[in-house]
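Reader: Please show me the sequence and the structure, and then let us go through some local features by question and answer.

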Amino acid sequence: MNTETMLGRENFYAVLFETIENYFRTVHNLDLKVSNKKEKNCTKLYVYFLPLFCSSFPMSSGAKEFLYSEYNIRGNLLKYIVGKIGVFVIVHSYGIGAKKRFYINSTKEIVKSIFIAPCNRTIRFYNFKENYVDCMAKAGYNHDFMDNQLFVRKQYSYEFIPKVLKKGGNWYREEIMHGNALARVRDEDLYKQSSATAIEYMRKFVADTMQRISALQYYSQLKNELQNILLQLGGDIENDICEMYMSYVEKQMELFEKTDLDIQLCMSHGDLQEGNVWININGSVTIYDWETAKMRSIWYDPITFFFRMHSGMDHSKLRAIISRDKRYRVFYQKNGDYSDAELDLISNIVILEDILFNLNEALQLNHDFIVKRIREVSEYFEIIMKSEV
């Protein structure tokens with residue numbers, strides 16, 4: 001998630017300060033106060049937005065490595081050079097150019113050496129000296145996604161899923177990964193090889209968890225899940241928006257009631273994209289961020305990965321995309337082509353899966369921002385409705 005989106009959907013500093021206090025109290029048994037006011041014995045931290053992090057100065061070598069990797073920009077040499085120069089300026093600036101500074105009323109070494117990276121639903125606390133990172137749920141957010149993350153990582157022991165070293169009620173610890181996200185790998189051969197490796201890893205995962213189900217039964221399950229989410233949203237979602245979703249699903253149900261097609265489900269990552277595939281310095285590949293993993297169709301992850309569905313793809317164009325690009329079939333090589341009727345079913349399944357993905361994401365937000373996010377998702381979805389007219 002980019003910084004602008006994060007700032008627009010939450011009370012950023014209030015969430016940051018409360019989560020930092022929760023972290024040190026829960027993990028390090030330190031009862032401290034974070035504020036905008038400087039006190040006699042305190043640690044000063046600076047907030048930067050490009051990339052988003054909080055740190056005191058001078059920075060550790062590990063923090064510098066982290067920042068330089070964040071500006072390993074693909075595809076544009078000028079941006080790459082400017083980014084590297086920008087990081088050089090940041091790590092030597094001692095706070096000059098920071099967006100904000102704040103204070104922690106403690107000078108303990110564990111506080112002074114911490115490097116903080118706010119993420120989508122969590123905040124990550126890096127300890128480069130001991131080579132671990134603690135991931136804590138943001139204050140005001142529920143823990144459903146974190147609980148799911150921990151369940152998946154405990155349930156499935158694959159080499160490409162990072163191990164949890166330690167955990168608590170709303171946090172967990174893992175080893176710091178050194179290298180680059182796939183999105184920042186500049187070497188094209190390494191990029192292609194690592195992409196192929198990630199898909200091979202997921203193919204193994206899919207094969208181990210695959211099950212068959214009738215298309216009608218699965219779409220009915222998705223419909224019920226949608227109804228439950230709309231019920232949970234209650235007063236946070238307008239009646240006409242609820243009616244829009246249910247009207248669309250009811251219309252598509254007519255297609256499923258006319259078919260006896262079976263489909264394959266598997267354990268799906270849910271957010272399989274270049275930012276969640278990590279290339280370690282030894283060349284190995286790790287797939288992380290399993291917060292949204294659950295049973296979905298075998299087409300959801302490939303469409304997310306190859307066609308960047310979570311980056312704003314127009315759902316109304318999905319049917320046309322999969323009719324000409326067969327990479328969505330990478331986990332299941334069906335003999336022959338899908339018929340037009342089957343392509344209609346596949347596209348409708350994936351669209352509803354993605355609607356549910358986005359609505360579930362909205363449910364995790366702080367209550368004050370749920371309404372705003374629902375409106376954004378619904379405006380995006382209206383494109384599909386108009387295409388159906």
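Reader: Is Lys138 buried or exposed?
Author: This is a predicted model, in which local features need pLDDT of at least 70, side-chain atom pairs count only at pLDDT 80 or more, and totals for chains, interfaces and linings use all residues. Residues are numbered from 1 along each chain as its sequence is written, and side-chain values use heavy atoms, with hydrogens and water left out. Buried means under 20% relative accessible area, exposed over 50% and partly exposed in between, with a 1.4 Å probe and protein chains only. Lys138 has 2% relative accessibility and therefore counts as buried.

Reader: Where is Lys138, and which residues does Lys138 touch?
Author: Helices (H or I, at least four residues) and strands (E, at least two) are DSSP runs, numbered from the N terminus, and Lys138 is placed in the loop between strand 7 (132-137) and helix 6 (144-155). With contact meaning heavy atoms within 4.5 Å, and not counting residues up to four places away in sequence, Lys138 touches Met6, Arg9, Glu10, Val15, Thr19, Cys119, Asn120, Arg121, Thr122 and Ile123.

Reader: How many residues of helix 12 are buried, and what distance separates its end C-alpha atoms?
Author: Helix 12 is mostly covered, with 20 of its 24 residues buried. The expected span of a helix is 1.5 Å times one less than its number of residues, so helix 12 (residues 340-363) should span 34 Å, and this agrees with the distance between its end C-alpha atoms, which is 35 Å.

Reader: Are helix 8 and helix 9 roughly parallel or roughly antiparallel?
Author: Axes are lines fitted to C-alpha atoms, for helices over the stretch in contact, and angles run from 0 to 180 degrees between N-to-C directions. Helix 8 (residues 215-233) and helix 9 (residues 239-257) pack with their axes 10 Å apart, at an angle of about 170°. Angles under 35 degrees count as roughly parallel, over 145 as roughly antiparallel, 65 to 115 as roughly perpendicular and the rest as oblique. The two helices, helix 8 and helix 9, are therefore roughly antiparallel.

Reader: What is the phi of Asn29, and is Asn29 buried or exposed?
Author: Most residues other than glycine have a negative phi, and most peptide bonds are trans. Asn29, in the loop between helix 2 and strand 1 (34-35), has a positive phi near 55°. With a relative accessible area of 69%, Asn29 is exposed.

Reader: What is the omega of the peptide bond from Leu50 to Pro51?
Author: Pro51 lies in the loop between strand 2 (43-49) and strand 3 (52-55). The bond from Leu50 to Pro51 is cis, and its omega is near -5°.
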